[in-house]
Amino acid sequence: MRVHLLDGTYELFRHHFGQPPRSADDGREVGATYGVVTSVVTMLEGGVTHLGVATDHVITSFRNQLWAGYKTGDEVPDSLRSQFDLLEDVLGALGVVVWPTVEVEADDALASAASVAADDAGVDQVVICTPDKDLAQCVVGRRVVQLDRRKNVVTDEEGVRAKFGVLPTSIPDWLALVGDTADGFPGLPGWGKRSAAVALAHYGHLDEIPDDVEHWDPAVRKAIRGADRLAATLAGERELVGLFHTLATLRIDRALLPRVADLEWHGPTPAFEEACRHLRAPGLADRVARLAPGSS
């Protein structure tokens, strides 16, 4: 079996800014919700059998308490923010497992489910449906991969190495050095994508990079321009870069998914037809009715 894990927050943003507006029967904007649900139905039509969707039910998380500049969602338009609850409700009515995150983020939920699914001998592959670079740390060989559904690009372990210059296990270290503007932390001054990749491709993790540049591997020192300056920056900012590493590291909670079998889709609930009426999308209900187990 293949397990698909969908980044519902990313999908909401993608459809909100990429699709025309759409009004529900009560006049509310629901274009993003309609787009995501339509996309999920298309996945089911394409043969997806085991699916989980994670959303940021609350935009903030524990990371906001660690770093004041961490993303807050303040710039999310009200017309989009109001659809998070709605999407969760409609997907639940569709019969799809949804993880509405509060203390953690959707990325943490996806990482947790991927970890559980990857350990299940009955799972052939785990497909994390998001282009988010944070999730690259979850990739394992070709067993756990990322799928950018918009570009139809699959990234396995070698793909991560080709894109970032490091293995998936080094992605939190790479982000800590380089920073992540989308998440709101800057990384260390002077460290760029290439210098971080060269250092981490050799050492693997931040803690393994010596403070004194004279103790660096000669090949690494030679390959990085201004290595002495970067080494001094790293040595002087160990606490700060450690904090950034914590921000970039996804939290695994295996209790999120007790059994992979829980992700199997068994059809919609009776509430889905009403949800489609609210979205003014009766065609979605018809498509799902044809997919449901026992339908002709």
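A residue is called buried under 20% relative accessible area and exposed over 50%, with partly exposed lying in between. The model discussed here is predicted. Arg277 has a relative accessibility of 44% and therefore counts as partly exposed. Its salt-bridge partner is Glu274, with the closest N and O atoms 2.7 Å apart. Glu274, at 41%, is partly exposed as well. Because Arg277 and Glu274 lie three residues apart in helix H13 (residues 271–278), about one helical turn separates them. Elsewhere, salt bridges with shared partners join Arg63, Lys71, Glu105, Asp108 and Asp183 into one network.

Side chains of opposite charge can pair when their charged atoms come close. In total, the structure holds 15 salt bridges. One of them links Arg14 to Glu11, the closest N and O atoms being 2.9 Å apart. Arg14 and Glu11 are three residues apart in helix H1 (residues 8–18), so about one helical turn lies between them. Glu11 is buried, at 2% relative accessibility, whereas Arg14 is partly exposed at 22%.

A further salt bridge brings together the side chains of Arg259 and Asp262, at 2.8 Å from N to O. Here Arg259 counts as exposed, at 51% relative accessibility, while Asp262 is partly exposed at 31%.

Arg150, Lys151, Lys163 and Lys193 form a patch of positive charge on the surface, and residues in a patch have no salt bridge. Of these, Lys163 belongs to helix H7 (residues 157–164) and is exposed, with a relative accessibility of 58%.

How values were computed
Residues are numbered from 1 along each chain as its sequence is written. This is a predicted model: local features need pLDDT of at least 70, side-chain atom pairs count only at pLDDT 80 or more; totals for chains, interfaces and linings use all residues. Side-chain values use heavy atoms; hydrogens and water are left out. Patches are made of residues with over 30% relative accessible area and no salt bridge: like charges are joined within 9 Å, nonpolar side chains (Val, Leu, Ile, Met, Phe, Trp, Tyr) within 5 Å. Accessible areas come from the Shrake-Rupley method with a 1.4 Å probe; for residues, only the protein chains shown count as cover. A salt bridge is a side-chain nitrogen of Lys or Arg within 4 Å of a carboxyl oxygen of Asp or Glu. Lys and Arg count as positive and Asp and Glu as negative; His and the chain ends are not counted. The place of a charge is taken as NZ of Lys, CZ of Arg, CG of Asp or CD of Glu. Helices (H or I, at least four residues) and strands (E, at least two) are DSSP runs, numbered from the N terminus. Buried means under 20% relative accessible area, exposed over 50%, partly exposed in between (1.4 Å probe, protein chains only).
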